[in-house]
Amino acid sequence: MAAGSTYTPIATQTTSSSVASVTFSSIPSTYTDLVLISNVYKTGGSGQSGVFQVNGDTGTNYSFTYINGNGTSATSGRVSSNTYGCFDLWGQSMSDTTFEEHALNFMNYSNTTTYKTILYRGNAVNKGVEQGVNLWRSTAAITSVVLYLQAGSFVTGSTFTLYGIAAA
Amino acid sequence: MANTYTLIASNTVGLLGSATITFSSIPSTYTDLLIKSSARTDRVNTVDYYKLKFNGTATSYSERSLNGNGSAAASENNNSTSYGFNYAIDAATATTSTFSNAEFYIPNYAGSNNKSYSTDAVTENNAATAYAAFTAGLLSNTTAITSITLESANAANFVQYSTFYLYGIKNS
């Protein structure tokens with residue numbers, strides 16, 4: 001990847017209190033791809049993963065395929081016709097006592113011809129590691145993303161940064 | 001436009017090889033760090049493994065990994081180890097001129113929390129077995145990271161033409 005101005009921070013957020021969700025809106029269409037990096041600390045009970053929706057779409061337009069390892073075994077699975085995508089460790093217990101790192105890659109996010117593919121990586125040393133791919137079945141350009149947990153909150157000090165990558 | 005993805009330092013191994021790659025005096029002015037490597041060691045085997053240390057710290061690393069070797073997938077725990085470990089490197093008997101690739105991502109490295117990190121590492125080999133590993137790691141130490149060391153876990157040397165690049169990524 002070229003260094004410098006092709007990897008541009010669009011927006012960054014650090015939670016100053018526990019919040020249920022984090023939103024990036026008014027995302028410009030001037031980049032080729034988007035990368036969203038989060039370093040989060042969670043609280044909550046028996047919830048599961050971190051999930052996301054784009055453009056406020058709550059329809060059953062998301063699907064994803066994942067492979068993960070919890071330190072003991074490796075598992076792969078798939079969810080179809082879902083109301084959200086995944087960016088965390090699907091099906092693993094949500095509570096954690098360490099900061100987790102996640103990365104979302106939105107490929108060709110602003111084109112209006114194809115459905116959108118979104119790669120993700122979840123890293124939680126107390127739970128496991130997961131890599132996966134989401135599909136959002138819409139040809140609309142992505143202009144907003146909301147991240148939230150199936151239960152619980154992002155705790156104070158969690159950070160989220162959205163970067164734009166330009167091909168030229 | 002701001003330069004937010006910046007090469008901090010690089011290291012290309014010379015003819016004599018190198019046992020240790022160290023990035024030191026890392027400034028605290030970035031948000032995250034990223035190392036990209038293309039490496040091979042002289043261990044007499046098809047595969048070697050990285051030994052990763054932050055600030056020379058030799059305790060309190062824990063990791064969970066997801067691995068594949070071309071025929072099966074597995075997951076492993078490495079707790080309370082003296083260094084980060086589970087990232088494969090092509091070694092001396094792997095296909096000639098083949099160098100493995102790896103990325104090490106360290107978010108909020110200058111902050112006051114324990115340091116989480118992630119790695120992706122792959123080897124290639126013109127044979128039935130090669131390795132890919134994704135790892136989530138944690139150093140339970142709140143000190144800001146100012147140096148990073150990479151070595152062979154089997155006391156081998158990185159061979160000539162191995163390359164290591166350290167980037168700083170800034171969120172503003």
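Which strands of chain B form an open sheet of four strands, and in what order? The legends below take up this question and others. The model is predicted.

**View 1. The open sheet of four strands in chain B.** The order is β2-β11-β4-β7, and the pairing is antiparallel. Four bridges link β2(B) with strand β11 (residues 148-152) of chain B in the antiparallel sense. One residue pair can be picked out here: B:Thr22 has B:Thr149 in β11(B) as its bridge partner.

**View 2. The open sheet of eight strands in chain B.** Its strands follow the order β1-β12-β3-β8-β9-β10-β5-β6, with antiparallel pairing. The edge strands are β1 (5-12) and β6 (73-81) of chain B; each of them pairs on one side only. Between neighbouring strands of this sheet the average turn is 15°, direction ignored.

**View 3. Strands β5 and β6 of chain B.** Strand β5 (residues 61-68) of chain B runs antiparallel to β6(B), and seven bridges join the two. Within β6(B), B:Glu76 stands opposite B:Ser65. β6(B) is an edge strand of the sheet.

**View 4. Strand β12 of chain B and its two partners.** Strand β12 covers residues 163-169 of chain B. This strand is mostly covered: of its seven residues, five are buried. In the sheet order, β12 stands between β1 and β3 of chain B. β1(B) and β12(B) run antiparallel and are joined by seven bridges. There, B:Ala9 faces B:Leu166 of β12(B) as its opposite residue. Strand β3 (residues 32-39) of chain B also pairs with β12(B) in the antiparallel sense, over seven bridges. For this pairing, B:Asp32 stands opposite B:Ile169 in β12(B).

View 5. B:Ser10 is found in strand β1 of chain B. Is B:Ser10 buried or exposed? B:Ser10 is exposed, because its count is 12 other C-beta atoms within 10 Å, and a residue with 12 or fewer is classed as exposed. Leaving aside residues up to four places away in sequence, B:Ser10 touches B:Thr163, B:Phe164 and B:Tyr165.

**View 6. Strand β9 of chain A and its pairings.** Five of the seven residues of β9(A) are buried, leaving the strand mostly covered. β3(A) and β9(A) run antiparallel, joined by seven bridges. A:Asn39 has A:Glu101 as its bridge partner in β9(A). β9(A) is also joined to β10(A), by six bridges, and these strands run antiparallel. A:His102 stands opposite A:Gly122 in β10(A).

**View 7. The contact between chains A and B.** How many residues does each chain bring to the contact? Chain A brings 30 residues and chain B brings 33 residues. Several strands of chain A each supply at least two residues of the side that touches chain B, among them β3 (33-40), β9 (100-106) and β10 (116-124). β1(A) gives the most to this side, with four residues. By class, the side of chain A that touches chain B holds 10 nonpolar, 17 polar and three charged residues.

Key. Residues are numbered from 1 along each chain as its sequence is written. Chains are lettered from A and ligands numbered from 1 in the order in which they are written. This is a predicted model: local features need pLDDT of at least 70, side-chain atom pairs count only at pLDDT 80 or more; totals for chains, interfaces and linings use all residues. Two strands pair if DSSP finds at least two bridges between them. Axes are lines fitted to C-alpha atoms, for helices over the stretch in contact, and angles run from 0 to 180 degrees between N-to-C directions. Two residues are in contact if their C-beta atoms, placed from the backbone, lie within 7 Å. Ala, Val, Leu, Ile, Met, Phe, Trp, Tyr, Cys and Pro count as nonpolar, Asp, Glu, Lys and Arg as charged, and the others, Gly among them, as polar. A residue is buried if 20 or more other C-beta atoms lie within 10 Å of its own, exposed if 12 or fewer, and partly exposed in between; C-beta atoms are placed from the backbone.
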